[in-house]
Amino acid sequence: NKNAAGYNNVLYTPPPITTGGWIGRMLALSLVSLIPFIGQIAYIVILVVWSQDRTKEETFRNWAKAQIVVMIILFIIFLLLLFLVFIPVFEYNSIRI
């Protein structure tokens with residue numbers, strides 16, 4: 001079952017990530033994010049590295065990319081709430097001299 005170039009026509013499918021593998025990775029990320037001041041920055045850096053690392057499983061790379069997208073969306077929602085709701089409320093209730 002070889003093609004003209006002499007390679008097999010069978011597609012390689014990597015083994016799925018085990019439950020223990022997911023738990024270990026989630027635990028590692030959770031522990032890193034608990035470090036004061038630099039934990040969140042390290043969390044983002046680790047996600048970016050994992051999302052681009054070709055030695056990781058494709059499923060895991062896609063998960064890391066999805067985490068980054070969700071974080072960006074939540075950050076945008078936070079900024080919208082900050083500028084559209086919280087700041088005007090505090091400015092309205094502040095004491096003016």
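Does Arg25 count as buried or exposed, and at what relative accessibility? At 18% relative accessibility, Arg25 counts as buried, where buried means under 20% relative accessible area, exposed over 50% and partly exposed in between, with a 1.4 Å probe and protein chains only. The structure is a predicted model, in which local features need pLDDT of at least 70 and side-chain atom pairs count only at pLDDT 80 or more, while totals for chains, interfaces and linings use all residues. Residues are numbered from 1 along each chain as its sequence is written, and side-chain values use heavy atoms, with hydrogens and water left out.

The chain contains three helices and zero strands; helices (H or I, at least four residues) and strands (E, at least two) are DSSP runs, numbered from the N terminus. Read from the N terminus, the elements follow the order α-α-α. Of the 97 residues in the chain, 13% are buried. Among contacts with a separation of 6 or more, 31% involve residues 24 or more positions apart, a contact being heavy atoms within 4.5 Å.

Helix 1 has 15 residues, which at 1.5 Å a residue should span 21 Å, and this agrees with the 21 Å between its end C-alpha atoms. The expected span of a helix is 1.5 Å times one less than its number of residues. The buried residues of helix 1 are Arg25, Leu29 and Val32. They lie on the same side of helix 1, because they cover an arc of only 65 degrees around the axis; the arc is that of the directions from the helix axis to the C-beta atoms. Thr19, Gly20, Ile23 and Leu31, on the other side of helix 1, are exposed. An α-helix has 3.6 residues a turn, so residues three or four places apart point the same way.

Helix 2 was examined in the same manner. Its 14 residues should span 20 Å at 1.5 Å a residue, in agreement with the 20 Å that separates the end C-alpha atoms. In helix 2, the buried residues are Gly39, Tyr43, Leu47, Trp50 and Ser51. These residues share the same side of helix 2, since their arc around the axis is only 105 degrees. Ile41 and Gln52 are exposed on the other side of helix 2.

Two packed helices are described by the angle between their axes and the distance between the axes. The axes of helix 1 (residues 19–33) and helix 2 (residues 39–52) come within 7 Å and cross at roughly 145 degrees. Here the axes are lines fitted to C-alpha atoms, for helices over the stretch in contact, and angles run from 0 to 180 degrees between N-to-C directions. From helix 1, Arg25, Leu29, Val32 and Ser33 meet Gly39, Gln40, Ala42, Tyr43, Ile46, Leu47 and Trp50 of helix 2. Classed by residue type, this contact has seven nonpolar, three polar and one charged residues. Ala, Val, Leu, Ile, Met, Phe, Trp, Tyr, Cys and Pro count as nonpolar, Asp, Glu, Lys and Arg as charged, and the others, Gly among them, as polar.

Two residues illustrate this contact. Leu29, in helix 1, counts as buried at 3% relative accessibility. Apart from residues up to four places away in sequence, Leu29 touches Tyr43, Ile46, Leu47, Trp50 and Trp63. Gly39, found in helix 2, is buried with a relative accessible area of 0%. Gly39 touches Val32 and Ser33, again not counting residues up to four places away in sequence.Between the two helices, the loop holds Phe37, which has a positive phi of about 70 degrees although it is not a glycine. Phe37 is exposed, with a relative accessible area of 83%.

A search of the whole structure finds one salt bridge, defined as a side-chain nitrogen of Lys or Arg within 4 Å of a carboxyl oxygen of Asp or Glu. This salt bridge joins Glu57 to Arg25, with the closest N and O atoms 3.3 Å apart. The pair links distant parts of the chain, 32 residues apart: Glu57 is in the loop between helix 2 and helix 3 (58–93), and Arg25 is in helix 1. Side chains of opposite charge can pair when their charged atoms come close. Glu57 counts as partly exposed at 27% relative accessibility, while Arg25 counts as buried at 18%. Leaving aside neighbours within four places in sequence, Arg25 is in contact with Ile17, Trp50, Glu57 and Phe60.
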